[in-house]
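Student: I would like to learn how to read helix packing. Can we work through an example?

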Amino acid sequence: AASLLVVLATGLIAAANGLSMALGAFIAGLLLAETEYRRAIEAMIDPFKGLLLGVFFVSVGMGLDVMQLVHSPGIILVGALGLIAAKALIIAALALAFRLSRPVALETALLLGPGGEFAFVILGGAVAVGLVPEGLGQAGLVVTTVSMIAIPALARIGRGFGKRLEARRDE
């Protein structure tokens, strides 16, 4: 109960200062994760994890303008592919720089290439305070959503490429 109170209070303080409640709750979560009570908090929250994730994604989905995908599917798909390609190139280069094998670097790059849940928080907050125009923020949210939908396919592709590269290396 104290953990939830801290998260709610931090969210309300962030909202009172013009930031999003989600950002305040995220910061509180980071702070609580660094305490000695981390394991106890995890054990208490674990039964509610699915429910809380569902609430998060439903709240994000309610604010998503899906009609942008209908009106300009080409731009959204190119944006999603560009996001995945740019992040995958950077991650693959970093993985190789840290001396990971090529198959592992490729699979890691494809798995981490799509946008993540934190993009929803950042873009939502940026639109709320006026740093990003509404239309551009909505397009970014749709691009992130489409890229996240591609994660299972990218995982299969990465696994396949990884196995081929492993077989070549073994030969």
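Tutor: Start with one pair. Helix α6 (residues 73-97) packs against α9 at an angle of about 65°, and their axes lie 8 Å apart. This is a predicted model, where local features need pLDDT of at least 70, side-chain atom pairs count only at pLDDT 80 or more, and totals for chains, interfaces and linings use all residues. Residues are numbered from 1 along each chain as its sequence is written, and side-chain values use heavy atoms, leaving out hydrogens and water.

Student: What are the helices and axes here?

Tutor: Helices (H or I, at least four residues) and strands (E, at least two) are DSSP runs, numbered from the N terminus. Axes are lines fitted to C-alpha atoms, for helices over the stretch in contact, and angles run from 0 to 180 degrees between N-to-C directions.

Student: How are α6 and α9 oriented to each other?

Tutor: Angles under 35 degrees count as roughly parallel, over 145 as roughly antiparallel, 65 to 115 as roughly perpendicular and the rest as oblique. So α6 and α9 are roughly perpendicular to each other.

Student: Which residues of α6 and α9 meet?

Tutor: Contact means heavy atoms within 4.5 Å. From α6 come Ile 76, Leu 77, Gly 79, Ala 80, Leu 83 and Ile 84; from α9 come Ala 139, Val 142, Val 143, Val 146 and Ser 147. By class, this contact has 9 nonpolar, 2 polar and no charged residues. Ala, Val, Leu, Ile, Met, Phe, Trp, Tyr, Cys and Pro count as nonpolar; Asp, Glu, Lys and Arg as charged; the others, Gly among them, as polar.

Student: Gln 138 is also in α9. Is Gln 138 buried or exposed?

Tutor: Buried means under 20% relative accessible area, exposed over 50%, partly exposed in between (1.4 Å probe, protein chains only). Gln 138 has a relative accessible area of 11%, so Gln 138 is buried. Not counting residues up to four places away in sequence, Gln 138 touches Gly 63, Leu 64, Asp 65 and Gln 68.

Student: Which residues of α8 are buried?

Tutor: Phe 120, Val 121, Gly 125 and Ala 126. Their cover includes α2 (21-33), α4 (49-62) and α9 (134-149). After α8 comes Gly 130, with a positive phi near 85°.

Student: And the whole protein?

Tutor: Count the elements, then the burial. The protein has 10 helices and 0 strands. Of its 171 residues, 25% count as buried. The C-alpha atoms fill a box of roughly 60 × 45 × 30 Å along the principal axes. Among contacts between residues at least 6 apart in sequence, 68% join residues at least 24 apart.
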